[in-house]
Amino acid sequence: MSLEYSLVLMKPDAVVFSLTGEVISHLEREDLNIVGMKAVEVSHSLAAAHYFEHRHRPFFQDIIKYLMGGYHSFPWVYAFAYCGEDACQKIRDIIGKTDPMDIEPGKKIVTLRQKYGRNVIVRDEAGNEIFDEEGHVVVRFENVIHASYGSLSEYEVKLWFEPQEILSSYRLYPVKTNGKGILTWETSAADLRDKLFCEDFREQIKKRKANL
């Protein structure tokens with residue numbers, strides 16, 4: 001099995017709860033390597049790019065505010081690039097499902113998200129509940145940790161880390177040197193975003209034209 005990356009973010013609520021050490025301790029047992037790490041004060045543009053796949057959802061601006069620390073006292077996150085065999089699945093098994101309240105009946109709380117996460121009803125500026133397209137109340141998953149998975153892992157690692165911020169022996173993706181002599185990813189995060197979401201974009205255009 002080949003090596004792969006997974007981006008892990010300690011979200012602002014994880015910083016508030018001082019969970020970084022506990023998470024690292026759990027992941028160290030899985031034979032995974034930290035190949036890049038930093039503290040990041042998240043901008044609106046970075047948060048929007050990170051959650052790009054949700055840009056059409058009613059909770060989009062809310063999760064941007066969440067990642068920027070708008071609901072907590074710490075306006076930054078800790079970002080880690082992990083590398084190892086089957087890294088994404090190993091990390092997801094430890095942190096749990098996106099919804100921290102998704103606990104099977106009769107099962108013990110066993111994941112970090114189940115242990116520390118919570119769900120919060122999303123409200124607009126007037127304090128009114130927000131509903132999705134199916135009429136359900138929109139809930140924000142304050143799940144303390146983000147971990148990339150599947151086809152998004154390369155995009156997310158490149159979005160949050162430049163090549164020089166990754167240990168040179170663990171750079172899994174091709175790099176190039178720009179005109180200023182700085183290392184950059186040969187295929188950028190922006191290029192990957194266009195590739196990953198172009199089909200979705202085309203479908204949106206088709207729907208708009210059909211409604212004209």
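Contact here means heavy atoms within 4.5 Å of each other. Keep that in mind for Ile182. Leaving aside neighbours within four places in sequence, Ile182 is in contact with Gln164, Lys176 and Thr177. We'll come back to that residue. One caution before the tour: this is a predicted model.

Let's start with the whole chain. It has 212 residues, and a compact globule of that length would have a radius of gyration near 17 Å. The chain has 18 Å, which agrees. The C-alpha atoms fill a box of roughly 50 × 50 × 35 Å along the principal axes. Inside there are 8 helices and 8 strands.

Now burial and surface. Of the 212 residues, 39% count as buried. The accessible surface comes to about 11,900 Å². Carbon and sulfur atoms own 51% of that surface. Next, contacts across the sequence. Take the contacts between residues at least 6 apart in sequence: 70% of them join residues at least 24 apart.

On to the sheet. In what order do its strands lie? The order is E2-E3-E1-E6. This is an open sheet of 4 strands, with antiparallel pairing. A quick reminder on sheets in general: strands pair through backbone hydrogen bonds, either parallel or antiparallel.

Which strands stand at the edges of this sheet? They are E2, residues 33-40, and E6. Each has a single partner strand, so one side of each is left without a neighbour in the sheet. From one strand to the next, the twist averages 15 degrees.

Look at the strand pairs now. E1, residues 3-10, is joined to E6 by 3 bridges, and the two run antiparallel. In that region, Leu9 stands opposite His146 of E6. E1 also pairs with E3, again in the antiparallel sense, over 8 bridges. There, Val8 stands opposite Phe80 of E3. Is E1 covered or open? Mostly covered: 6 of its 8 residues are buried.

Helices next. H2, residues 20-28, packs on the sheet. H2 touches E1, E2, E3 and E6. Its direction makes about 0 degrees with that of E3, which spans 77-85. H5, residues 87-95, lies across E1, E3 and E6. H5 runs at about 35 degrees to E1.

Ile145 is found in E6, which covers residues 145-147. Buried or exposed? Buried, at 1% relative accessibility; the cut-off is under 20%. What does Ile145 touch beyond four places in sequence? Val8, Leu9, Met10, Lys11, Val23, Ile95, Leu112 and Arg113. Here is a distance for scale. Ile145 and Gly181 are 36 residues apart in sequence and 35 Å apart in space, C-alpha to C-alpha.

A word on cysteines. How many disulfides does the structure hold? The count is 0. Cys83 is in no disulfide, and its nearest cysteine sulfur, that of Cys88, is 10.0 Å away. Cys83 is buried, at 0% relative accessible area. Cys88 counts as buried too, at 3%.

One more helix. H7 spans residues 152-160. Of its 9 residues, 7 are buried, so H7 is largely enclosed by the rest of the structure. Which residues of H7 are buried? Leu152, Ser153, Tyr155, Glu156, Val157, Lys158 and Trp160.

Finally, back to Ile182. Where does it lie? In the loop between strand E7, 175-177, and strand E8, 183-185. Ile182 counts as partly exposed, at 39% relative accessibility. Compare the burial label of Ile145, which is buried at 1%. Ile182 and Lys65 are 117 residues apart in sequence and 32 Å apart in space, C-alpha to C-alpha.

To recap. The sheet has 4 strands in an open, antiparallel arrangement. H2 packs on that sheet, and H5 lies across E1, E3 and E6. H7 is largely enclosed. The structure holds 0 disulfides. That's the tour, thanks.

Note on methods
Residues numbered from 1 in each chain as written. Predicted model: local features only at pLDDT ≥ 70, side-chain atom pairs only at ≥ 80, totals over all residues. Heavy atoms only, no water. Buried < 20%, exposed > 50% of the residue type's maximum accessible area, 1.4 Å probe, protein only. Disulfide = S-S within 2.5 Å. Pairing = 2+ DSSP bridges. Axes fitted to C-alpha atoms, helices over the stretch in contact; angles between N-to-C directions. Rg over C-alpha atoms; globule rule 2.2 N^0.38 Å. Areas by Shrake-Rupley, 256 points an atom, 1.4 Å probe, with all protein chains shown as cover.
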